[in-house]
Amino acid sequence: MLLLKKLFLECFTGKNNKTFDLGRIMWASTLLVYLFLSIVDVFHDHHFDYQAFGIGVGAILGAGGLSLYL
């Protein structure tokens, strides 16, 4: 359990391994949502527009990174 906690902290924190990095958390949550929607699309035959999702998420992540930079 301690190894899993250390891995989690190293993946989602900044250089000091104490403060969480918002960009990494947003990237990971976006990846999970993308995978979930892809699985739902396959099993339930819903229409999921991958290109629109990618453009929208790219804009959100880009604006978030820009706001952190400024």
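Patches here are made of residues with over 30% relative accessible area and no salt bridge, joining like charges within 9 Å and nonpolar side chains (Val, Leu, Ile, Met, Phe, Trp, Tyr) within 5 Å. By that rule, Trp27, Leu31, Tyr34, Leu35 and Tyr50 make up a nonpolar patch on the surface, with about 490 Å² of accessible area together. The model is predicted, so to speak of what counts: local features need pLDDT of at least 70, side-chain atom pairs count only at pLDDT 80 or more, and totals for chains, interfaces and linings use all residues. Residues are numbered from 1 along each chain as its sequence is written, and side-chain values use heavy atoms, with hydrogens and water left out.

**The nonpolar patch**

- Accessible areas come from the Shrake-Rupley method with a 1.4 Å probe, and for residues only the protein chains shown count as cover.
- Helix 2 (residues 22-44) gives the most to the patch, with four residues; helices (H or I, at least four residues) and strands (E, at least two) are DSSP runs, numbered from the N terminus.
- Tyr34, one of the patch residues, sits in helix 2.
- Tyr34 counts as partly exposed because its relative accessibility is 31%; the scale is buried under 20% relative accessible area, exposed over 50%, and partly exposed in between (1.4 Å probe, protein chains only).

**How helix 1 and helix 2 meet**

- The axes of helix 1 (residues 2-12) and helix 2 come within 8 Å and cross at roughly 110°.
- Those axes are lines fitted to C-alpha atoms, for helices over the stretch in contact, with angles running from 0 to 180 degrees between N-to-C directions.
- Helix 1 and helix 2 are therefore roughly perpendicular to each other; angles of 65 to 115 degrees get that label, under 35 is roughly parallel, over 145 is roughly antiparallel, and the rest are oblique.
- On the helix 1 side, Glu10, Cys11 and Phe12 meet Arg24, Ile25 and Ala28 of helix 2, where contact means heavy atoms within 4.5 Å.

**Salt bridges**

- The structure holds two salt bridges, each being a side-chain nitrogen of Lys or Arg within 4 Å of a carboxyl oxygen of Asp or Glu.
- Glu10 pairs with Lys6, and the closest N and O atoms are 3.9 Å apart.
- Both Glu10 and Lys6 lie in helix 1, four residues apart, which is about one turn of the helix.
- Glu10 is partly exposed, at a relative accessible area of 39%, whereas Lys6 counts as exposed at 51% relative accessibility.
- Asp21 pairs with Arg24, with the closest N and O atoms 3.1 Å apart.
- Asp21 is partly exposed at 26% relative accessibility, and Arg24 is partly exposed at 35%.

**The loop between helix 1 and helix 2**

- Asn17 is in this loop, and its phi is near 60°, a positive value in a residue other than glycine.
- With 37% relative accessibility, Asn17 counts as partly exposed.
- Leaving out residues up to four places away in sequence, Asn17 touches Leu9 and Glu10.
- Asn17 and Lys6 are 11 residues apart in sequence and 9.2 Å apart in space, C-alpha to C-alpha.
- From Asn17 to Ala63 the gap is 46 residues in sequence and 24 Å in space, C-alpha to C-alpha.
- Gly14 is in this loop too, and counts as partly exposed at 22% relative accessibility.
- Gly14 touches Thr19 and Asp21, again not counting residues up to four places away in sequence.
- Gly14 and Arg24 are 10 residues apart in sequence and 8.9 Å apart in space, C-alpha to C-alpha.

**The loop between helix 2 and helix 3**

- His46 lies in the loop between helix 2 and helix 3 (50-69).
- His46 is partly exposed, with a relative accessible area of 49%.
- Val40 and Asp41 are touched by His46, once residues up to four places away in sequence are set aside.
- His46 and Leu2 are 44 residues apart in sequence and 40 Å apart in space, C-alpha to C-alpha.
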